[in-house]
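I opened this notebook to record what I looked up in the structure. The entries follow the order in which I made them.

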Amino acid sequence: MNKTPIAFVTGAAQGIGLAIAKRLAHDGFHVVAMDRQADVLHAALQPLTQQGLVVSAAVADVCDRDSVHQAMQTHPRVDVMVCAAGIYNDARFLDLTELAFTQMLQVNVVGTFIPAQEAARRMVAGGRIVTISSRGALGGTRFAHYVASKSAVIGLTRAMAMELRDKEIAVNSVAPGFTDTPMTRSAPPEMFAQWEALEPRGKAASPDEIAHAVSFLASPQTHFITGQTLFVDGGKSLGGLSI
Ligand SMILES: NC(=O)c1ccc[n+]([C@@H]2O[C@H](COP(=O)([O-])OP(=O)(O)OC[C@H]3O[C@@H](n4cnc5c(N)ncnc54)[C@H](O)[C@@H]3O)[C@@H](O)[C@H]2O)c1
């Protein structure tokens, strides 16, 4: 019987999700990389398989139950589910529309709920779910809808952890700070530079730094940690200025 543990990672075609997929494959998982961008996903996974890592692609929209269900049917077991798919866009609070607000909640919250629930239904004791929230959950300007969505992810993580602890499934969240990915690089370069300047060390995190925290929470030794949010942000969440 094949005992290679199976890890699903959503949003794995690029950025943080891709770094997590790569890291978990190096950790010995068979990684099923899920994303809605089929071409980008297949191109991203090619170098990994060439390195001998065990990764397969699953094209799915995390907001669509049937699509996620179908993608997961190919694997009878799930040991780890990482929900990294997400979107971001800027809007001042006074200009925010219901459409922009609900789209943000749909992808970031419902798109975490569906794969997490599908995974939990297939997991046995020892299973792990890791959500990706954000330091932005603590607040910020010009992205109230994103703040609301990521606060909801933290709440959902805690609620899932409570309901799933009897099944011995641990559920935690990693809250990245500003990270260098296609998402943040899609901003004008001067805005990227302004954001970087606000970071404690004056530069963005690398996706690998975020992936390392996910790898820790997915490892067998951390089964007693559940319902927690691990901020990986160089200390920016500590706030305040000091002398
Ligand atoms: N980059 C940052 O500074 C930062 C900071 C904190 C949190 N995050 C969070 O980390 C996660 C990854 O962010 P990133 O910067 O790598 O973003 P990214 O845009 O570079 O990658 C996100 C991936 O998610 C996929 N995706 C989006 N919607 C999807 C859907 N409905 N179904 C399937 N796949 C979908 C995209 O196709 C893309 O491949 C997101 O949840 C984001 O909110 C990012």
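**Entry 1: Methionine 81**

I began with methionine 81, which is buried because 30 other C-beta atoms lie within 10 Å (buried means 20 or more such atoms within 10 Å of the residue's own, exposed 12 or fewer, partly exposed in between, with C-beta atoms placed from the backbone). I note that this is a predicted model, in which local features need pLDDT of at least 70 and side-chain atom pairs count only at pLDDT 80 or more, while totals for chains, interfaces and linings use all residues. Residues are numbered from 1 along each chain as its sequence is written.

I placed methionine 81 in strand E4 (residues 80-83); helices (H or I, at least four residues) and strands (E, at least two) are DSSP runs numbered from the N terminus. I then listed the contacts of methionine 81 beyond four places in sequence, and found Phe8, Pro115, Ala116, Ala119 and Ile129 (contact means C-beta atoms, placed from the backbone, within 7 Å).

**Entry 2**

Which residues of E4 are buried on each side? I found Val80 and Val82 buried on one side, and Met81 and Cys83 buried on the other. In a regular strand the side chains alternate between the two faces of the sheet.

I looked next at pairing, which requires at least two DSSP bridges between two strands. Strand E1 (residues 6-10) runs parallel to E4 and is joined to it by 4 bridges, with phenylalanine 8 having methionine 81 as its bridge partner. E4 also pairs in the parallel sense with strand E5 (residues 128-132), over 4 bridges, and there methionine 81 stands opposite isoleucine 129. From E4 the chain passes through H4 to E5 in a right-handed β-α-β crossover (with the strands pointing away from the viewer, the path from the first strand over the helix to the second runs clockwise).

**Entry 3: The core**

I recorded 68 residues in the largest nonpolar core, where Val9, Ala33 and Val82 have the most contacts. Such a core is a set of buried Ala, Val, Leu, Ile, Met, Phe, Trp, Tyr and Cys residues joined through C-beta atoms within 7 Å. H1 gives the most to this core, with 7 residues. Beyond four places in sequence, valine 82 touches residues including Ile20, Val130 and Val214 by the contact criterion.

For alanine 33, I found alanine 57 in E3 as the bridge partner. Strand E2 (residues 30-35) and strand E3 (residues 55-59) pair in the parallel sense over 5 bridges.

Technical notes. Contact = placed C-beta atoms within 7 Å.
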